[in-house]
Amino acid sequence: MGPDWSEQDIAGMRAALAAAREAAETGEIPVGAVVVVNGEIVARGRNSSVGEADPTGHAEIVALRHAATRLGNYRMPAATLYVTLEPCVMCVGAIVQARLSRVVFGAYDAKAGALGSATDLSDSKALNHRFEINGGLLAEECGTVLREFFENRR
């Protein structure tokens, strides 16, 4: 489980949850992410694969792209990524390339989670950067958003 969550952690995940709910409203799988540097949200992202016809349109990738543009650098060693669902393999690769210091996620993803659930890339020799990982923040709420989305689609 995660550490004793700070107010900043909870605020970051609540912002990611808001982005996830926006994704659901547009018919996208409801995953949201925010990038925080020095206590400030510098970028937000939500899943956009369907609407943008983009297989890389995961919330984490979208948020990292916006953050890199805003910060003027693709490397973000002082950044924390908050995301409502455990990142997949592709997103972990992007996190490594961005050199993030920390990832905080909500719900675990038994099917595609790459930070401990389906697989664990956190100490893969193939990846040249390590970052702090904290999972399970507001996990029940994050999971409920996803569950309700899929129940409503059936």
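Tutor: A residue counts as buried under 20% relative accessible area, as exposed over 50%, and as partly exposed in between. Please keep these terms in mind, and note that the model before us is predicted.

Student: How should I apply them to Arg14, for example: is Arg14 buried, exposed or partly exposed?

Tutor: Arg14 has a relative accessible area of 43%, so this residue is partly exposed.

Student: What does Arg14 form with Glu141?

Tutor: First, the general idea. Side chains of opposite charge can pair when their charged atoms come close. In this structure, Arg14 and Glu141 form a salt bridge, and their closest N and O atoms are 2.9 Å apart. The two partners belong to distant parts of the chain: Arg14 is in helix 1 and Glu141 in helix 5, 127 residues apart. Glu141, with a relative accessible area of 28%, is partly exposed.

Student: How many salt bridges does the structure hold?

Tutor: There are 6 salt bridges in the structure. One of them joins the side chains of Arg102 and Asp9, with an N to O distance of 2.8 Å. Since Arg102 is in strand 4 and Asp9 in helix 1, this pair ties together parts that are 93 residues apart in sequence. Arg102 is buried, at 13% relative accessible area, and Asp9 is also buried, at 3%.

Student: With which other residue does Arg102 form a salt bridge?

Tutor: Arg102 forms a salt bridge with Glu132 as well, where the closest N and O atoms are 3.4 Å apart. Glu132 lies in strand 5, residues 132–135, and Arg102 in strand 4, so parts 30 residues apart in sequence are tied together. Glu132 is partly exposed, with 42% relative accessibility. Taken together, Asp9, Arg102 and Glu132 are linked in a network of salt bridges.

Student: Let us turn to nonpolar residues. Which residues touch the most other members of the largest nonpolar core?

Tutor: The general idea is as follows. In soluble globular proteins, nonpolar side chains tend to be buried together. Here the largest nonpolar core has 42 residues, and Val35, Met76, Val92 and Leu100 touch the most other members. Several elements each supply at least two residues of this core, among them helix 1 (7–25), strand 1 (32–37), helix 4 (89–98) and helix 5 (139–153).

Student: With which residues is Val92 in contact?

Tutor: Leaving aside its neighbours within four places in sequence, Val92 is in contact with Pro87, Ala114, Leu115, Leu121, Leu127 and Phe131.

Student: How many aromatic pairs does a search of the whole structure find?

Tutor: The search finds 2 aromatic pairs. In Phe105 and Tyr108, the ring centres are 5.0 Å apart and the planes meet at 80°; planes over 60 degrees apart count as edge-to-face, so this pair is edge-to-face. Phe105 is buried, at 1% relative accessible area, whereas Tyr108, at 41%, is partly exposed. The other pair consists of Phe149 and Phe150, with centres 5.2 Å apart and planes at 80°, so it is edge-to-face. Phe149 is buried at 9% relative accessibility, while Phe150 is partly exposed at 34%.

Student: Where does Ala53 lie?

Tutor: Ala53 lies in the loop between helix 2 (49–52) and helix 3. Its phi is near 50°, a positive value in a residue other than glycine. Ala53 has a relative accessible area of 69% and is exposed.

Methods:
Residues numbered from 1 in each chain as written. Predicted model: local features only at pLDDT ≥ 70, side-chain atom pairs only at ≥ 80, totals over all residues. Heavy atoms only, no water. Phe/Tyr/Trp six-rings, centres within 6.5 Å; stacked < 30°, edge-to-face > 60°. Buried < 20%, exposed > 50% of the residue type's maximum accessible area, 1.4 Å probe, protein only. Core = buried A, V, L, I, M, F, W, Y, C linked by side-chain atoms within 4.5 Å. Helix = DSSP H or I, 4+ residues; strand = E, 2+ residues; numbered from the N terminus. Contact = heavy atoms within 4.5 Å. Salt bridge = Lys/Arg side-chain N within 4 Å of Asp/Glu carboxyl O.
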